[in-house]
Amino acid sequence: SQHSHLTNEVFVVHSGRWAFRSGVDATDGEVILEAGDVISLPTDVFRGFANVGDDLAFLYAVLGRDDPGRVLWAPQVFDMARDYGLVLMEDGSLVDTMACEKLPEGIRPMPRTTPEQVSAHQIVDSDGLEGIVIRTPDFRWQKDSALSRFDGVEEAPLLGPANEAEALHGGNLGWPHEFVLRALRMAPGASVPRHRRKEEEVLFVQQGRLAVTVDDGSLEMGPGDTFTTPIGSTRSFTNKG
């Protein structure tokens, strides 16, 4: 269903074929993404997405900041919810009255989105959506960044500004997101040796098998797996596939 967020919302298509549609009625624009593609949806844009392929599909999502705020739903979502016996609550929860669930005490239903709230949103057409997409053939791979100067390793900055300390160029979508997104491509047997970071690092495996060593522990990750690396820990990566 169409909705908007108070923070940036980024999707990496892990598998399947996805349509992203903009506008309060999903009629302003549409773009189709395939596995590996990335889209960065800004604030104040109504958006929705659908699996338009023939198989089970998986999206990996990243929202800016630790508190992404609450979803603002398009007005017609309230009508659809009512038709199915669902009540959207002010705290973002959903009550299914058809399943005999009761409205919680002390929490009010979410007020219907007003025309004034709708009019405050941006209009983004299909060309505008294409401008916030990074397709996998457009990844700008580097072999001279801090992590990619090792044999068989390449790094592509996707979101965020240039990082001189790591000799990394600016991402395809370089405006501030409150986080950065990068891709690593590693040949069979290639490794990134032990190193540290002073900030959070989340690893998501798009394809292949990745061995991760953190301090004195290790694990092996496969497609779709996610791992949050503790701040300040020593870590290394090896392509085991």
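A: A definition comes first: two strands count as paired if DSSP finds at least two bridges between them. The model shown here is predicted.

Q: What holds the strands of a sheet together?

A: In general, strands of a sheet pair through backbone hydrogen bonds, and the pairing is either parallel or antiparallel.

Q: How many bridges join β2 to β7, and which residue of β7 is the bridge partner of Val13?

A: Six bridges join these two antiparallel strands. Val13 has Leu59 in β7 as its bridge partner.

Q: Is Thr7 buried or exposed?

A: The cut-off for a buried residue is a relative accessible area under 20%. Thr7 has a value of 3%, and is therefore buried. Thr7 is found in the loop between β1 (3–4) and β2 (9–15). Leaving aside residues up to four places away in sequence, Thr7 touches Thr43, Leu63, Gly64, Arg65, Asp67 and Pro68.

Q: How is empty space in a model found?

A: Rolling a probe the size of a water molecule over the atoms shows where empty space is left. The largest pocket in this structure has a volume of about 1600 Å³. Its lining comprises 43 residues, and those nearest its centre are Leu181, Arg182, Val202, Leu203 and Phe204. Two or more lining residues come from each of β7, β12 (153–159), β13 (181–186), β15 (201–204) and β19 (234–239). The most is given by β13, with six residues.

Q: How does the lining of the largest pocket divide by class?

A: There are 23 nonpolar, eight polar and twelve charged residues in that lining.

Q: What is the volume of the second largest pocket?

A: The second largest pocket has a volume of about 270 Å³. It is lined by 15 residues, of which Arg70, Val71, Leu72, Met110 and Gln117 are the closest to its centre. The lining consists of six nonpolar, five polar and four charged residues.

Q: How many cavities of 30 Å³ or more does the structure hold?

A: The structure holds one, and the largest cavity has a volume of about 40 Å³. Its lining residues include Pro157, Leu168, His169, Val180 and Arg182. By class, five residues of this lining are nonpolar, three are polar and one is charged.

Notes. Residues numbered from 1 in each chain as written. Predicted model: local features only at pLDDT ≥ 70, side-chain atom pairs only at ≥ 80, totals over all residues. Heavy atoms only, no water. Helix = DSSP H or I, 4+ residues; strand = E, 2+ residues; numbered from the N terminus. Buried < 20%, exposed > 50% of the residue type's maximum accessible area, 1.4 Å probe, protein only. Contact = heavy atoms within 4.5 Å. 1 Å grid on protein atoms, 1.4 Å probe; cavity = no way out; pocket = protein on both sides within 12 Å on 5 of 7 lines; lining within 4 Å. Points joined across faces, edges and corners; volume = space filled by probe spheres on them. Nonpolar A, V, L, I, M, F, W, Y, C, P; charged D, E, K, R; others polar.
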